[in-house]
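Subject: Structure handover

Hello,

Here is the structure I promised to pass on. Please open it first, then read my notes below.

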Amino acid sequence: MGSADAAWLHMDRPQNLMVINAVMWFDEQVDWTRFRAVLQERLVAPFPRFRQRVREPRLGVGAPQWEDDPAFDLDLHLHHVALPAPGDRAALQAFVADRMTVPLDRSRALWEYHLVDGYGEGCAAVARMHHSIADGIALARVLFSLTDAGPGAAGAGIAATPPASG
C-alpha cells in the first residue's frame with residue numbers, strides 16, 4: 001500500500017470516517033441479478049483491490065499491505081434494501097446520512113454497495129468505498145464504468161440517464 005493510501009487508512013476514525021460515498025439514481029427499477037452481475041464483471045473482476053483486504057504489519061512496524069481475501073464473498077458487500085415511504089429525496093438523503101456514520105468492516109475488502117428500491121418510480125445505488133482504495137477521481141471513473149451511456153444502451157451495464165441541466 002502506498003504511503004498516501006496508508007495515511008488515509010490510519011486517519012479513519014469512528015467520528016471521522018475516510019469513506020467516499022456516492023449515489024446514483026435511476027428512473028426505473030434496476031434488476032438485482034443484473035446489478036450483481038455488473039458489479040462482479042466491471043468492479044470486482046478487473047480491479048483486484050475490490051477483492052483484497054488490509055493486512056496491518058505485525059507489531060505495528062511497517063506499512064499496511066493489501067492481500068487477497070481468501071474468503072472473499074461478493075454478497076457480503078452488496079445490500080438490497082427498500083427506501084421507506086414516501087421514497088422521496090429526503091428519505092434517500094436520510095438513508096445515505098445513516099450509512100455514512102457506519103464504518104466499513106476492516107476484516108473484508110473496504111467497500112459496499114446498496115441497491116435502494118423505492119426511490120420515486122425508480123431506485124438508487126449507494127456506493128461506499130474507503131479512500132485508501134483510491135482517490136476520489138479514480139473512484140469516480142470506476143463508478144462510471146459500471147454504467148452504460150443512456151436509456152436503452154446495448155451494453156451489459158446499468159443504464160444511466162445523464163442528469164438534466166439546470
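Which residues does Met 129 touch, not counting those up to four places away in sequence? The model is a predicted one.

**Overall**

The protein has four helices and eight strands. From the N terminus on, they run α-β-α-β-β-β-α-β-β-α-β-β. Of the 166 residues, 40% are buried. Take the contacts between residues at least 6 apart in sequence: 68% of them join residues at least 24 apart. The protein exposes about 9100 Å², and carbon and sulfur atoms supply 56% of that area.

**The sheet**

Four strands make an open sheet, in the order E1-E6-E5-E4, with mixed pairing. E1 and E4 (78-82) are the edge strands, each pairing on one side only. Neighbouring strands here are turned by 20 degrees against each other on average, direction ignored.

Now the pairs, one by one. Strand E1 (residues 19-26) runs antiparallel to E6, over eight bridges. In that pair, Phe 26 stands opposite Cys 123 of E6. Strand E5 (residues 111-119) is also antiparallel to E6, over eight bridges. There, Glu 112 has Arg 128 in E6 as its bridge partner. E5 and E6 form a hairpin with two residues between them. Gly 120, in the turn, has a positive phi of about 60 degrees. E4 and E5 are parallel, over five bridges. His 80 has Leu 115 in E5 as its bridge partner.

Helix H3 (residues 89-99) lies across E1, E4, E5 and E6. The helix runs at about 160 degrees to E5.

**Strand E6**

Is E6 largely enclosed or open? Nine of the nine residues of E6 (residues 122-130) are buried, so this strand is largely enclosed by the rest of the structure. His 130 belongs to E6. Its relative accessibility is 1%, and buried means under 20%, so His 130 counts as buried. Leaving aside neighbours within four places in sequence, His 130 is in contact with Trp 8, Leu 9, Asp 12, Met 18, Val 19, Leu 104, Leu 110 and Leu 139.

**The cores**

Back to the opening question. Not counting residues up to four places away in sequence, Met 129 touches Met 18, Val 19, Ile 20, Leu 43, Phe 50, Leu 104, Leu 110, Trp 111, Tyr 113, Leu 139 and Leu 143.

Met 129 also belongs to the largest nonpolar core, which has 34 residues. Which members touch the most other members? They are Leu 43, Phe 50, Trp 111, Tyr 113, Met 129 and Ile 133. Helix H1 (3-11), E1, helix H2 (32-44), E5, E6 and helix H4 (136-144) each supply at least two residues of this core. The largest share, five residues, comes from H2.

**Where to look**

Start at E6, where nine of nine residues are buried. Finish at E4, the parallel partner of E5.

Best wishes

Note on methods: Residues are numbered from 1 along each chain as its sequence is written. This is a predicted model: local features need pLDDT of at least 70, side-chain atom pairs count only at pLDDT 80 or more; totals for chains, interfaces and linings use all residues. Side-chain values use heavy atoms; hydrogens and water are left out. Buried means under 20% relative accessible area, exposed over 50%, partly exposed in between (1.4 Å probe, protein chains only). Contact means heavy atoms within 4.5 Å. Accessible areas come from the Shrake-Rupley method with a 1.4 Å probe; for residues, only the protein chains shown count as cover. Two strands pair if DSSP finds at least two bridges between them. A nonpolar core is a set of buried Ala, Val, Leu, Ile, Met, Phe, Trp, Tyr and Cys residues joined through side-chain atoms within 4.5 Å. Axes are lines fitted to C-alpha atoms, for helices over the stretch in contact, and angles run from 0 to 180 degrees between N-to-C directions.
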